[in-house]
Amino acid sequence: MSCFYKDLSLDVNSTILHAERLIKYGCHGAAIFGSTGAGQLISKNEKEQLIEKISKSKFKENFLIGTSDNSFNETVDLMNYTLKNGINRVEVEDNRHISG
């Protein structure tokens with residue numbers, strides 16, 4: 001899940017508040033930057049800003065961070081950044097949707 005401003009930049013605070021509200025009212029967790037959260041469209045800088053803020057959330061153990069990147073190096077960098085910020089749930093995903 002991701003919330004955006006009208007200029008299509010990531011609204012970090014609203015994204016976190018929305019996820020925390022879902023967790024507070026019964027969801028077991030929230031996946032951030034997955035394929036349905038437009039993770040592949042969010043800049044590395046915005047992802048890092050959100051990860052930093054999530055690391056201060058009382059619900060941080062309930063967050064799963066998706067990598068949503070086709071670059072192996074960017075994926076590893078984001079995984080390491082997530083772990084460095086105390087969030088230990090990371091999903092490595094291929095965000096290309098292949099139809100057959």
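This is a predicted model: local features need pLDDT of at least 70, side-chain atom pairs count only at pLDDT 80 or more; totals for chains, interfaces and linings use all residues.
Q: Is Thr15 buried or exposed?
A: Thr15 is found in helix 1. A residue counts as buried under 20% relative accessible area. Thr15 has 1% relative accessibility, so the class is buried.

Q: Across which strands does helix 1 lie?
A: Helix 1 covers residues 12-24 and runs at about 160° to strand 1. The strands that helix 1 lies across are strand 1 and strand 2.

Q: What is the order of the strands in the open sheet?
A: The sheet has three strands with parallel pairing. Its edge strands are strand 1 (30-32) and strand 3, each pairing on one side only. The order is 1-2-3.

Q: Which residue of strand 2 is the bridge partner of Ala31?
A: Strand 1 and strand 2 pair in the parallel sense, over three bridges. In strand 2, the partner of Ala31 is Leu64.

Q: How far apart are the end C-alpha atoms of helix 3?
A: Helix 3 has 13 residues, 72-84. At 1.5 Å a residue, the helix should span 18 Å. The end C-alpha atoms agree with that value, being separated by 18 Å.

Q: What arc around the axis do the buried residues of helix 3 cover?
A: The buried residues in helix 3 are Thr75, Leu78, Tyr81 and Thr82. They are on the same side of helix 3, because the arc they cover is only 130°.

Q: Which exposed residues does the face of helix 3 turned away from its buried side carry?
A: An α-helix has 3.6 residues a turn, so residues three or four places apart point the same way. The buried side of helix 3 includes Thr75 and Leu78. On the face turned away from that side, the exposed residues are Phe72, Asn73 and Lys84.

Q: Against which elements do the buried residues of helix 3 pack?
A: One of these buried residues is Leu78, which is in contact with Lys47, Ile51, Gly66 and Thr67, leaving aside neighbours within four places in sequence. The buried residues of helix 3 pack against helix 2 (44-54), strand 2 (63-66) and strand 3 (90-91).

Q: What distance separates the C-alpha atoms of Leu78 and Glu48?
A: Leu78 lies in helix 3 and counts as buried at 6% relative accessibility. Glu48 is 30 residues from Leu78 along the chain. Their C-alpha atoms are separated by 7.8 Å.

Q: What phi does Leu8 have?
A: Most residues other than glycine have a negative phi. Leu8, in the segment before helix 1, is exposed, with a relative accessible area of 67%. Although Leu8 is not a glycine, its phi is positive, at about 75°.

Q: How many disulfides does the structure hold?
A: A disulfide is a covalent bond between the sulfur atoms of two cysteines. The closest cysteine sulfur to that of Cys3 is in Cys27, and the separation of 14 Å is too far for a bond. Cys3 is partly exposed, with a relative accessible area of 24%, and Cys27 is partly exposed, with 37%. The number of disulfides is zero.

How values were computed:
Residues are numbered from 1 along each chain as its sequence is written. Side-chain values use heavy atoms; hydrogens and water are left out. Helices (H or I, at least four residues) and strands (E, at least two) are DSSP runs, numbered from the N terminus. The expected span of a helix is 1.5 Å times one less than its number of residues. Buried means under 20% relative accessible area, exposed over 50%, partly exposed in between (1.4 Å probe, protein chains only). The arc is that of the directions from the helix axis to the C-beta atoms. Contact means heavy atoms within 4.5 Å. Two strands pair if DSSP finds at least two bridges between them. Axes are lines fitted to C-alpha atoms, for helices over the stretch in contact, and angles run from 0 to 180 degrees between N-to-C directions. A disulfide is a pair of cysteine sulfur atoms within 2.5 Å.
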